[in-house]
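Student: Pick a single part of this one and give me a close look at it, please. I'd like to hear how it packs against the rest.

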Amino acid sequence: MKQHSFTDFVYEVIGELRQENRFATAYIYHYALQAFTASVGGGKIFWGGLNRRSLCKFQYYLEKEQKSYNTTSTYILSLIHISEPTRRTPI
């Protein structure tokens, strides 16, 4: 399946993780994407929408929402990990 957006890709990854019984990682990815989407006002996130500037704004959003440092860093690192080019390369 070809992904048209970052959001679609993350949901595909989450589905694969659930099939592999990696529920904790799937849970973190789901909530990281949900929080990031809320920080930009909702809707689908496209590949160009995930960049250094948007991640800095996301960090500010999470701090304003009084999320812990651990939650903030986990969400940001999860989004970075998912978006790595090696993750998008089919096996």
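Tutor: Let's call a residue buried when its relative accessible area is under 20%, exposed when it is over 50%, and partly exposed in between (1.4 Å probe, protein chains only). By that count, 32% of the 91 residues of the protein are buried. Keep in mind that the model is predicted, so to speak of local features we need pLDDT of at least 70, and side-chain atom pairs count only at pLDDT 80 or more, while totals for chains, interfaces and linings use all residues. Numbering starts from 1 along each chain as its sequence is written, and side-chain values use heavy atoms, with hydrogens and water left out.

The protein has five helices and zero strands, taking helices (H or I, at least four residues) and strands (E, at least two) as DSSP runs numbered from the N terminus.

Now for helix 1. In the segment before it sits Ser5, which is buried with a relative accessible area of 0%. Leaving out residues up to four places away in sequence, Ser5 touches (heavy atoms within 4.5 Å) Lys44, Ile45, Phe46 and Trp47.

Just after the helix, Asn21 takes a positive phi of about 60 degrees.

What about its partner, helix 2? Axes are lines fitted to C-alpha atoms, for helices over the stretch in contact, with angles from 0 to 180 degrees between N-to-C directions. The axes of helix 1 and helix 2 come within 8 Å and cross at roughly 160 degrees. That makes the pair roughly antiparallel, a label for angles over 145 degrees. Helix 1 brings Phe6, Thr7, Val10, Tyr11, Val13, Ile14, Leu17 and Arg18 to the contact, and helix 2 brings Phe23, Thr25, Ala26, Tyr29, His30 and Leu33.

Of its 21 residues, Phe6, Phe36, Phe58 and Leu79 touch the most other members. Helix 1 (6-19), helix 2 (23-39), helix 3 (52-64) and helix 4 (69-83) each give two or more residues to this core.

Note on methods:
Core = buried A, V, L, I, M, F, W, Y, C linked by side-chain atoms within 4.5 Å. Parallel < 35°, antiparallel > 145°, perpendicular 65-115°, else oblique.
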